[in-house]
Amino acid sequence: MINKAEWKQLVQTRLQRMYETSGHEGTLSDVVLQIPPKPEMGDLAFPLFAFAKAFGKAPNMLAQQLADDINALEGKPDGEAFCAGPYMNVRLNMDKMVSDLYANIVKTGASYGKTGVFEGKKVMIEFSCPNTNKPLHLGHVRNDCIGQSMSQILKAGGAEVLKVNLINNRGVHICKSMLAYQKFGGGETPKSSGIKGDHLVGNYYVRFAQWEKEVLDKDTATFMAQGMSEDDAKAKAKAVNAPDLEAQDMLRAWEQGDPEVMDLWRKMNQWTLDGVAQTYENTGISFDKYYYESDTYKLGKDKVLEGLEKGVFQKQKDGAIYIDNSDIGLDKKILLRKDGTSIYITQDIGTAINRHEDWPFDSLVYVVASEQRYHFKVLFHVLDKLGYDWAQDLHHLSYGMVFLPEGKMKSREGTVVDADDLIKSLTEMAKAEIVEKGRDSELEDVDATAHSIALGALNYYILQFDPTKDFVFNPKESLSFNGNTGPYLQYMGARISSMLRKYDEVRSDYDVIPFDPAQLSLEDERELIKMIGSFPETVTKACKQYDPSIICAYLYDMSKKFSHWYHDNQILKAETASLVKARVCLCEMVLQTMKNAFDLVGIPFLEKM
């Protein structure tokens with residue numbers, strides 16, 4: 001593997017020594033290490049513009065002097081330094097590096113790429129967090145993709161990871177589905193209706209919104225008939241909106257433990273949870289521990305009241321309790337309503353405290369949409385004000401919106417891409433592609449393969465974007481077997497696997513031939529080797545930046561590079577047996593690295609497609 005840090009330290013040390021021996025005093029600034037834009041320019045580059053003035057020399061003269069100095073050293077890292085204009089570049093001796101890299105990959109296998117950047121750290125990561133009033137949709141899928149991927153990446157970084165899911169199973173939004181079911185349900189159940197539980201409950205959430213609009217329109221018309229202006233009529237209709245007020249009444253009854261409300265709540269919550277569990281299984285999402293807002297909101301209320309007693313929080317004239325956030329440049333935030341009922345942040349306070357008591361983490365990562373940036377700034381501030389020192393270790397992994405070509409999704413209006421329907425549709429499209437290409441007869445399980453292609457397409461399409469960016473989801477584009485897509489990467493893995501199966505038929509003929517790294521002398525081969533060697537560094541970068549798109553970009557770049565090399569060069573029919581063996585070993589390294597990267601971004605590996 002390329003030891004960039006070793007070369008950087010060597011250049012820094014030799015520059016400083018040259019500076020001192022030439023009669024100068026002081027400490028030079030840190031050197032910068034870059035990767036040359038073209039292979040023929042070497043493997044590492046050190047710009048010397050910043051040092052030329054200090055030495056009183058032209059940059060190219062300093063570069064040549066430094067290269068001569070380093071090349072004369074005994075015991076230096078394998079490689080040759082040379083002047084490249086104002087840069088001192090290094091062309092590495094790849095033979096030993098390739099030999100060590102191959103031995104390491106053979107030894108570590110599925111563990112290759114793992115690093116110690118977060119070694120010894122306990123990281124809790126929260127993601128998904130569905131509401132029990134609707135099924136998962138495409139927005140949830142992006143959350144799940146990021147959360148599951150980052151969990152794998154953090155584990156690869158050496159962290160002990162606990163994946164947690166907070167079930168949002170209480171609140172006025174839950175009551176809205178319950179209230180609509182009471183009024184319009186007629187006693188139907190998932191079994192009697194043949195509708196998946198989460199979908200059935202979600203239908204009543206949409207029905208509530210329709211009912212609310214019907215009442216608002218009717219009341220507005222009534223008030224306008226009494227002589228009010230349209231704006232005043234709408235405002236009054238909203239203020240006396242019966243469905244909303246009834247939902248608030250139901251929430252208070254729930255918090256007071258009303259038996260009838262509690263029975264309905266338990267029944268409908270279970271319908272949703274059963275349905276969501278099926279979606280998780282179908283999309284490969286899993287958790288180590290579940291938390292439920294219904295279990296934690298009371299602790300949050302208690303902590304808010306404690307903070308009020310200590311003077312951390314204040315009370316309004318109407319009785320609502322709030323925090324003054326002016327010290328962090330934000331406005332005040334209500335923590336408990338005037339009637340004493342909780343809001344989202346109340347239960348989040350209790351949940352965070354509960355979690356640290358359960359599993360004292362070094363860091364807690366919340367995977368939540370960017371729309372909630374304000375919420376988490378306030379939450380972290382509240383916990384800090386309450387005296388929890390671990391509040392400094394909370395992180396909001398913010399991600400952007402997923403749009404449809406038609407615009408933004410809205411659950412209340414039923415204009416969402418349902419997760420179950422999406423996976424089903426992608427699977428059907430993938431199966432049709434397999435059949436059209438005549439590959440169905442060569443696969444043991446066409447349906448399973450199509451489902452794996454669908455998951456690879458979906459996960460990769462979503463994760464290739466920087467988490468902070470919004471994007472438009474295009475199902476057909478995601479399933480393309482060409483270009484920057486999951487199926488293209490899966491096809492590349494299957495293609496290498498096919499070639500290695502053919503090699504296995506004659507492998508015994510090559511077992512006596514040693515692997516000779518010197519055979520891999522082409523520029524494309526050098527570039528592939530450097531990419532393989534940089535995989536642990538790529539994992540470290542993705543860990544530190546909480547960004548799976550770094551792994552996706554790495555995978556696509558490697559696949560393009562491999563495809564170009566594979567197209568232009570013979571592998572099993574190479575000129576000599578030594579070259580066949582060396583190139584097969586290179587293919588094995590590429591395949592293992594790809595498989596390991598696949599695991600980090602939720603792309604199922606397929607030996608056949």
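**Notebook: loops, helices and cores**

**Entry 1. Tyr 546.** I looked up Tyr 546 and found it in the loop between helix H21 (535–545) and helix H22 (549–568). The model I am reading is a predicted one. I noted that the phi of Tyr 546 is positive, about 50°, although the residue is not a glycine. Most residues other than glycine have a negative phi.

**Entry 2. Ser 128.** I turned to another residue with a positive phi that is not glycine: Ser 128, with a value near 75°. Ser 128 sits in a loop as well, between strand S4 (122–126) and helix H5 (138–156). With a relative accessible area of 4%, Ser 128 is buried.

**Entry 3. Helix H4.** I next examined helix H4, residues 94–108, and checked its length. Its 15 residues, at 1.5 Å a residue, should span 21 Å; I found the C-alpha atoms at its ends 20 Å apart, which agrees. Which residues of H4 are buried? I listed Met 94, Met 97, Val 98, Leu 101, Tyr 102 and Ile 105. These residues lie on the same side of H4, because the arc they cover around the axis is only 130°. On the other side of H4 I found Lys 96, Val 106 and Lys 107 exposed. I then looked for what covers the buried residues of H4, and the cover includes strand S3 (87–92), helix H20 (523–533) and helix H23 (577–600).

I also inspected both ends of H4. At its start, the backbone nitrogen of Asp 95 has a side-chain oxygen of Asn 93 within 3.2 Å. After H4 comes Gly 109, with a positive phi near 55°.

**Entry 4. Ala 518 and Val 98.** I looked up Ala 518, which belongs to the loop between helix H19 (507–510) and H20. Its relative accessibility is 40%, so I counted Ala 518 as partly exposed. Although Ala 518 and Val 98 are 420 residues apart along the chain, I found 8.9 Å between their C-alpha atoms. Val 98 is one of the buried residues of H4.

**Entry 5. Nonpolar cores.** In soluble globular proteins, nonpolar side chains tend to be buried together. I looked up the largest nonpolar core in this model and found 128 residues in it. The members that touch the most others are Leu 15, Met 88, Leu 138, Leu 154, Ile 532, Leu 586 and Val 590. H23 supplies the largest share of this core, with 14 residues.

**Entry 6. Thr 283.** Last, I looked up Thr 283, which lies in helix H11, residues 259–283. Thr 283 is buried, at a relative accessible area of 15%. What does Thr 283 contact, leaving aside its neighbours within four places in sequence? I found contacts with Ile 423 and Leu 455. I noted too that a polar atom of the Thr 283 side chain is 2.8 Å from the backbone oxygen of Thr 279.

Note on methods: Residues numbered from 1 in each chain as written. Predicted model: local features only at pLDDT ≥ 70, side-chain atom pairs only at ≥ 80, totals over all residues. Heavy atoms only, no water. Helix = DSSP H or I, 4+ residues; strand = E, 2+ residues; numbered from the N terminus. Expected span 1.5 Å × (residues − 1). Buried < 20%, exposed > 50% of the residue type's maximum accessible area, 1.4 Å probe, protein only. Arc of directions from axis to C-beta. Contact = heavy atoms within 4.5 Å. Polar contact = N/O pair within 3.5 Å; in protein donor to acceptor, adjacent residues only side chain to side chain. Core = buried A, V, L, I, M, F, W, Y, C linked by side-chain atoms within 4.5 Å.
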